[in-house]
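Let us walk through this structure step by step. Keep the sequence and the 3D view side by side.

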Amino acid sequence: MTSSASLTSASKVGVVVIGRNEGDRLLACLASVLSMNYPRELLDVVYVDSSSTDGSAALAQSLGVRAIVLSGPTTAARGRNAGWAQTSAPFILFLDGDTVLDKDFVGKNIGHFADPSIAGVFGNRRETRTKESVYNAILDLDWNMEPGWALFFGGDCLVRREALVLVTGYNDQLIAGEEPDMCRRMRGAGYRILHVDEPMTLHDLAMHRFSQYWRRSVRTGYAYAQISSFYANTDDPLWAADSRRNVVRACFWIGAPVLCALLSAVWRSWLPLSIFLLIALALWGRTGIKAARKTRSIRTLVAYSLHSHLQQIPILAGQLRFWLSRASGKGSRLIEYKRSA
C-alpha cells in the first residue's frame, strides 16, 4: 500500500453528521468534529437533521455548522445522501450524531487514500457507557472487529467521493443495512474497504431496556431479508448465507426447548431437557471462549454468549416482518430503538 506521505493535510474533507433528537449527544459530536487535529479551513461540516423536535438544527447552526432539515419520513441513507451532495470535498467523513470523533483519526488515516483502490477507511467504534447497561456492554463487543480488508463499513467512515458518485451513494429506500448495500456495490466496481486498528469514534448506544434491544435486533433481521433479496441471484449474494443461517439458528432456539419439554412430559423423564441444556451450555461456552479476548468481565462474557445465540429470535422476527410487508405490498416504517437525549 502506498505510504500516507503521498497524501498531505491539504486534502479537503466534508463531514456529514446525521441525527434525530440527539440533544447533548449531538453537541458532543459536533464539538469533537470542530476540535479535531485537522486544519479547520479544510473542513466542510454539514449536519442533516431528520425532523427533530429538540432544536438540534438550531444547535448545529449556533456552532457555525450548516444544517439541513429533512421533512417527512426519513432514513439514515437519505440523510447521508443529502449531506454529501452539499459538499464538493474529495473525501467525506460520515458520522452518526450520537458519536464522538477521535481527534487524530482523519489526519492519521487520510493518507490511505493514496491507494486508488480504497473507497473507505474506518477505525474502531466503541461504546462509552458500558457500565450503565448490560446491553451497551455486549453490543460494544460486536464493534470489536479484526483490522484488515472488510466487506463493509458502518455508519462512521471516511469515504472517497469518487466512489460515492460512481455507485450513486446510499439506497435511501432502505430502513437499515444501507452501508453494507453500498459497500457491496463499491466492491463490485473494483474498490476495497480498509479497517484500521485505530480509535475512530466513541458511541452512545443509550440502550437500557429489553424492548430497545429487541427492536434493534428486529431491524437487523429486516435488513438481512431485504438486502439478501436484492442480490439473491448474483455472483455476490450479500447476506444470503446470514439470512439462511439465522432461520436455522432461530428455529433451533425456539423449537428445541419446546420439543424437549414435550418429550420430557410424555416420557416423564428429565433426560430430553437435560440433553438440550447440555447442548445449549456447550454452544454458549464455545462462544464465550472465542470472545474471551474482547473482555475480562465474566458477567459481560456470559451475557454476550447468550446474546450471540438468542438474538437470532428477534432477528428472525425482523426477517418475517420484511417478507410480510413485501407480500402485502406495503413498506415498513423506520424501526427505532433509541429515546431522545
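In this predicted model, start with the buried residues of helix α7: Glu178, Glu179, Pro180, Asp181, Met182, Cys183, Arg184 and Met186.

What do the buried residues of α7 pack against? Their partners are the helices α3 (76–84), α6 (161–166) and α8 (210–230), along with the strands β6 (118–127), β8 (157–160) and β9 (192–203). Just past the end of α7, look at Gly190. Its phi is positive, about 100°.

Now turn to the aromatic rings. The whole structure holds 14 aromatic pairs. Take Trp253 and Phe276. Their centres lie 6.1 Å apart, with 75° between the planes, and the pair is edge-to-face. Trp253 belongs to helix α9 (residues 240–267) and Phe276 to helix α10 (residues 271–291), so this pair links parts of the chain 23 residues apart. Both Trp253 and Phe276 are buried. Trp253 also pairs with Trp284. Here the centres are 5.7 Å apart and the planes meet at 5°, so this pair is stacked. Again α9 is linked to α10, with Trp253 and Trp284 31 residues apart. Why does Trp253 count as buried? Its relative accessibility is 7%.

Elsewhere, Tyr135, Phe210, Tyr213 and Trp214 make up one aromatic cluster.

Finally, look for charges over rings. Arg80 places its charged end over the ring of Tyr170, 5.6 Å from the centre. Arg192 lies over the face of Trp149, 3.7 Å from the ring centre.

Methods
Residues numbered from 1 in each chain as written. Predicted model: local features only at pLDDT ≥ 70, side-chain atom pairs only at ≥ 80, totals over all residues. Heavy atoms only, no water. Buried < 20%, exposed > 50% of the residue type's maximum accessible area, 1.4 Å probe, protein only. Helix = DSSP H or I, 4+ residues; strand = E, 2+ residues; numbered from the N terminus. Contact = heavy atoms within 4.5 Å. Phe/Tyr/Trp six-rings, centres within 6.5 Å; stacked < 30°, edge-to-face > 60°. Lys NZ or Arg CZ within 6 Å of the ring centre and 35° of its normal.
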